[in-house]
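Hi,

Here is the structure I promised to pass along. Have a look, and my notes follow below.

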Amino acid sequence: MKKYILLLLAAVCTSSAMAQTEVIRMKTTDNKVLTYDVKQIEEVTFSTLLHSYDGYVTANARFFQDRYFGGIAKLSVWRDSEENLDTYLSDPVWGDASFYGVSMAQGQLSGTGTMTVGQGYGGGTFEATISGPMSKPVVTVAMGTMGDVALTFNLGEPTVDAVLPTIVGTHNGVVKVDVAGETYTNDAVAYQVTANADNTVNIVIPAFDLPGTMMGDLSLGSFTISNAAYDGKIAGFARDYKGDGVKMHLKAVKDGETTMDSDYAIEQIGNIEVKFTSEGLTIVNNFQPGRMPYPITSTFVKSSSH
């Protein structure tokens, strides 16, 4: 491990009498060439990766405690030439934190740095501290009017105990419905998720209208999918419910004529997932009521994941 200061960099750069600027060119493993003006480089530090972890972040702040907001976080710890630790945390919801020259005493990290948060929290770079053990550090961010937010990195897949409190509740947002290659949207729907004693959840699919579809103006009735179980692979809840006896009301009016207006059993296709995506809390429901020739996919995204 070596640290090269600017004078050494300048000495090894190719130059000529005609050149006014010295540059460093580096070729990456994906064949990209990166060029840097030597005068803009203060120092280059070579570090060795000590540990790299995948996990998830739970957050504590003024308005919530131990809340998981989705996504897989990555934590990496590096040692530089002066035996200091550099620590980086990247989370798809909260953003990216960097800490240089972190110390460790009796197994506990301690250091200061910055965190750049996503637009969901207004965007910006804030002062931050890191503390705690290497495998479960706490990053505390001073986020202005929001106050201090403590982000705890947890090793492994999100647990049902972490995910359940965020999944349960009434969620307002937008639903997009795909049928026969066409997509229709309702911008104001509310899905409700309730918890059962065995850590399964029930999902109340709301009633909503879809005007102007190929089948006419549709009115989809509310129905409930019960006992969706936790699936660690998606960090969410899922169920195939086509054998559960679920029915939904469907009404279609085309050119002023009512062509459908009845309860229909969902027996051909019926499966649902409640999970976190890059867009936030998402509910994907695939179903095919009655003898309808086309399967329907509805994708709900909560308006805000906070």
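**What turned up**

Six of the eight residues of helix α2 (residues 160–167) are buried, so this helix is largely enclosed by the rest of the structure. Buried here means under 20% relative accessible area, exposed over 50%, and partly exposed in between (1.4 Å probe, protein chains only). The buried set in α2 is V160, A162, V163, L164, T166 and I167. After α2 comes G169, with a positive phi near 140°.

G169 is also one of the contacts of Y191 (heavy atoms within 4.5 Å). Leaving aside neighbours within four places in sequence, Y191 also touches residues including H171, I203, F208 and F300. In the largest nonpolar core, which has 43 residues, Y191 and I203 touch the most other members. Such a core is a set of buried Ala, Val, Leu, Ile, Met, Phe, Trp, Tyr and Cys residues joined through side-chain atoms within 4.5 Å. A second, separate core has 30 residues, among them F64, A73, W94 and Y121.

A word on confidence: this is a predicted model, where local features need pLDDT of at least 70, side-chain atom pairs count only at pLDDT 80 or more, and totals for chains, interfaces and linings use all residues. Numbering runs from 1 along each chain as its sequence is written, and side-chain values use heavy atoms, with hydrogens and water left out. The protein chain averages a pLDDT (the predictor's confidence in each residue, from 0 to 100) of 87, and 90% of the residues score at least 70. Over residues 1–19 the pLDDT is below 50.

Best wishes

Key. Helix = DSSP H or I, 4+ residues; strand = E, 2+ residues; numbered from the N terminus.
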